[in-house]
Amino acid sequence: MTSHGSSQRNPSDALIEHGLSRRRLLGTTAAAAGAALLTSRGLPVAAQDKVELVFTYWGSPQEQEAVAQMCESFNEQHPNIEVRPQYVPNDGYTEKMTTMLAGGTPPDIAYMDAEQAFDWALQGKTLDLTPFVQADPESATLLPNTNYTYDNGTKTLSTSLAIGIMLTYFNKKMFDEAGLAYPPSKVADAWQWNDFVEVAKRLTKDRSGRDATDPAFDPDDIDVYGVNYQTWWGGYMPFVFSNGGDFASPDGMELWLNKPEAVEALQNIADLTYKHHVAPTPSQSSSMPATDILLRTGKLAMDLNGMWKVLDYSQYKDLDWSVGVLPYLKEPTTLRWGIPIIISATVSDPAAAYEFYRWRYSPERIDLYKRGLWMPIQGEYYTDPAKIDTWINGIEGVFPPESKDVFIDYALNNAKQPPIYSVMNLGQIQNEAVGPALQALFAGEKTAQEAMDEAAANAVMQGRY
């Protein structure tokens with residue numbers, strides 16, 4: 001998510017808007033031995049000699065700073081462990097990890113894209129965290145469906161770094177000027193798709209000031225857009241799920257994006273641009289500023305995006321903005337997920353690494369939660385009012401008043417798990433089949449059915465982890 005905003009490293013942000021000391025290889029026996037170092041409090045015990053660990057991560061400048069501060073705080077409270085943060089820019093991160101692995105110096109702990117993380121795990125390059133997770137009493141407090149597992153669920157690759165959801169951001173002033181009600185924050189009041197489209201039309205204006213409901217509206221001379229959407233899976237899968245569809249079959253051997261439920265959802269998204277003229281085309285988006293700038297300057301009314309954008313929007317004190325739930329087709333639905341954070345199989349002290357690994361769980365230890373970049377993975381931070389306040393109300397002026405409806409109720413009760421947790425070779429499927437098909441769809445060159453039939457024919461499906 002990026003980090004999940006920045007750490008999700010979204011591939012289409014321009015369009016819409018993601019150790020030093022090495023010893024022998026440690027297998028499951030060593031992992032079990034590390035888990036045996038748990039004290040009665042359930043916390044790993046560091047070795048007597050100081051353990052040095054390298055933690056590699058990506059992110060925005062704000063995330064870079066906050067993670068470095070987290071490491072410093074951890075080191076102060078763990079005198080026998082020294083964690084050295086190693087920041088790598090988003091661009092080229094995957095290639096950097098590959099180079100480090102090939103050179104025999106993989107990081108001890110690292111952010112990682114899901115497909116690369118699974119690839120390392122299947123090669124035995126990551127630590128199976130199952131013994132640690134099972135022995136850690138805090139594991140029972142984590143939200144369901146936040147673990148990455150493999151080998152038919154018998155091994156644990158990672159718990160999610162943090163979580164994020166997809167939602168609606170909007171410029172309140174633009175709604176006020178149009179005399180329109182704000183996007184609902186409560187699921188019970190969520191807009192059905194057709195109602196959402198009508199609102200978007202009212203907010204879309206050509207350079208003569210006519211909105212998209214006006215017969216004289218000029219779709220070739222648009223000045224203000226009603227909505228902007230994302231074309232990666234975070235943008236379309238909420239609506240595929242909402243319409244009763246899925247990315248792949250239960251066994252992961254068949255692409256299901258060409259099924260009627262998915263096709264209808266995808267076509268509805270593309271129709272925002274080519275039928276209703278309320279969203280920009282890819283070529284138009286490529287020459288536009290980022291969506292937060294567009295929303296701030298009154299050139300965009302709604303941004304369908306990830307929760308990590310709270311960090312960006314909260315920086316603009318001159319922007320009156322808020323959040324709402326997504327529109328829906330059949331059932332109100334969002335996504336809930338976070339990237340993997342792995343521990344290398346060559347880590348010198350697995351127990352010390354796991355202690356740092358779990359340190360990030362609490363919003364009281366790192367301010368990226370209260371600054372709007374991450375959402376907690378511990379359930380008590382969604383049910384205990386005092387715990388909720390540690391992040392949603394942790395810093396005045398970051399989260400808007402409607403946030404508890406969206407980031408608590410919506411995230412807990414209406415969220416699905418995206419395909420990155422389970423679909424094998426997802427990157428290959430995206431690169432060779434789904435990506436090109438979506439590009440043709442969102443460029444207006446093919447219908448959703450044509451594009452997804454082509455994707456299904458080209459997709460090499462290998463099952464689920």
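Buried here means under 20% relative accessible area, exposed means over 50%, and partly exposed is in between, with a 1.4 Å probe and protein chains only. This is a predicted model, where local features need pLDDT of at least 70 and side-chain atom pairs count only at pLDDT 80 or more, while totals for chains, interfaces and linings use all residues. Residues are numbered from 1 along each chain as its sequence is written, and side-chain values use heavy atoms, with hydrogens and water left out.

**Stop 1: a stacked pair**

Select tyrosine 465 to begin. At a relative accessible area of 17%, tyrosine 465 is buried. The structure holds 32 aromatic pairs, a pair being rings of Phe, Tyr or Trp (its six-membered ring) with centres within 6.5 Å; planes under 30 degrees apart are stacked, over 60 edge-to-face, and the rest tilted. For phenylalanine 118 and tyrosine 465, the ring centres are 3.7 Å apart and the planes are at 10 degrees, so this pair is stacked. Colour by sequence and you'll see that the pair links distant parts of the chain: phenylalanine 118 belongs to helix H5 (residues 114–122) and tyrosine 465 to the segment after H19, 347 residues apart. Helices (H or I, at least four residues) and strands (E, at least two) are DSSP runs, numbered from the N terminus.

**Stop 2: a tilted pair**

Next, pick tyrosine 229 and phenylalanine 442. Their rings form a tilted pair, 5.7 Å centre to centre with 50 degrees between the planes. Tyrosine 229 sits in the loop between S8 and H9 and phenylalanine 442 in helix H18, 213 residues apart. Both tyrosine 229 and phenylalanine 442 are buried.

**Stop 3: cluster and charges**

Show Phe55, Tyr57, Trp58, Phe74, Tyr87, Tyr93, Tyr111, Phe356 and Trp359 together: they form one aromatic cluster. Elsewhere, the charged end of lysine 309 sits over the ring of tyrosine 313, 5.9 Å from its centre. (The test: NZ of Lys or CZ of Arg within 6 Å of the ring centre and within 35 degrees of the ring normal.)

**Stop 4: the core**

Which residues touch the most other members of the largest nonpolar core? Among its 152 residues, they are Phe55, Tyr236, Phe247 and Phe407. H18 supplies the largest share of this core, 8 residues. Such a core is a set of buried Ala, Val, Leu, Ile, Met, Phe, Trp, Tyr and Cys residues joined through side-chain atoms within 4.5 Å. Zoom in on phenylalanine 247: leaving out residues up to four places away in sequence, it touches several residues, including Tyr236, Trp256, Pro419 and Val434. Contact means heavy atoms within 4.5 Å.

**Stop 5**

Display H8 (residues 193–203), where Trp193, Phe196 and Leu203 are among the buried residues. The cover over the buried residues of H8 includes helix H7 (172–178), helix H9 (233–242) and helix H10 (260–274). H10 has 15 residues and reaches 20 Å from first C-alpha to last, close to the 21 Å expected at 1.5 Å a residue; that expected span is 1.5 Å times one less than the number of residues. What covers the buried residues of H10 includes H8, helix H18 (426–442) and helix H19 (448–458).

**Last stop: proline 332**

Finish in the loop between strand S10 (321–324) and strand S11 (334–337), where proline 332 lies. Proline 332 touches Val187, Ala190 and Asn414, not counting residues up to four places away in sequence.
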